[in-house]
Amino acid sequence: MEYSVSTLKTNTIQAATGTSVSVADGHTFHQAGAVLQVVQATKTATVTVASGANAGVISQAITPKFATSKILVRCSLSLGGGDNSYGYARLVRQISGQASGFIGISDQASGSQINCSFQCSGKNYTYQGYRTDPRSFEFLDSPNTTTATTYEINIACTSDNMYLNRSGTVVTDNVWTPATMSTLTLMEIAQ
């Protein structure tokens, strides 16, 4: 016997026979707030962003299961630079290879300021060139699609050089400049 209803209210679901209830292939149960999938990019390679330049330093794609889902974007970047290094990062979203522009950025910039997701800078103190600093950021996006969606962190350098996964000065015969990694994690959240 087969029934079709838009809303089913019940206290208990149990198997008619046996002890398990199956969901037909291609169908899912999901609850608002549930994590439907998680994907992560990890990067150990170094990226140099020279003064006056910008570059995508890490990216990850996800194909949402539902158009109503939200995507939680979380990044943790290991950034280094010279003693006078400054820059900023912006989150970029591409749907089916088409960039939708910067998202997750401020809207308060005035004058020559730049709206960005977060700032990147050296600390401008003794031995800064030997250090990397963690930068974390997260943003809850509503891409409204079930097609492949790529998120990328783009870093722009405005002074000196910025480096992903390395310090400004690298010393390989000492523990002063350890090798680091960065991650970009995407979580599909049911609505």
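Strands in these legends are DSSP runs of E with at least two residues, numbered from the N terminus. The model shown is predicted.

View 1. Glutamine 37 is part of strand β1. This residue counts as buried because its relative accessibility is 19%, and the cut-off for buried is under 20%. The side chain of glutamine 37 has a polar atom 2.8 Å from the backbone oxygen of threonine 63. A polar contact of 2.7 Å also joins the side chains of glutamine 37 and glutamate 188. Beyond neighbours within four places in sequence, the residues in contact with glutamine 37 are Ile62, Thr63, Pro64, Lys65, Leu186, Met187 and Glu188.

**View 2. A nonpolar surface patch that includes valine 23.** Four residues, Ile13, Val21, Val23 and Phe29, make up a nonpolar patch on the surface. Together they present about 430 Å² of accessible area. Valine 23 is located in the segment that precedes β1 (35-43). With a relative accessible area of 38%, valine 23 is partly exposed, a class that lies between the buried limit of 20% and the exposed limit of 50%.

**View 3. Pairing of strand β10 with strands β2 and β4.** Strand β10 (residues 161-164) pairs with strand β2 (residues 47-50) in the antiparallel sense, over four bridges. Within this region, valine 47 has leucine 164 of β10 as its bridge partner. Strand β4 (residues 70-81) likewise pairs with β10 in the antiparallel sense, over three bridges. Here glycine 81 is bridged to methionine 162 of β10.

Terms used:
Residues numbered from 1 in each chain as written. Predicted model: local features only at pLDDT ≥ 70, side-chain atom pairs only at ≥ 80, totals over all residues. Heavy atoms only, no water. Patch = residues over 30% accessible without salt bridge, like charges linked within 9 Å, V, L, I, M, F, W, Y side chains within 5 Å. Areas by Shrake-Rupley, 256 points an atom, 1.4 Å probe, with all protein chains shown as cover. Salt bridge = Lys/Arg side-chain N within 4 Å of Asp/Glu carboxyl O. Buried < 20%, exposed > 50% of the residue type's maximum accessible area, 1.4 Å probe, protein only. Polar contact = N/O pair within 3.5 Å; in protein donor to acceptor, adjacent residues only side chain to side chain. Contact = heavy atoms within 4.5 Å. Pairing = 2+ DSSP bridges.
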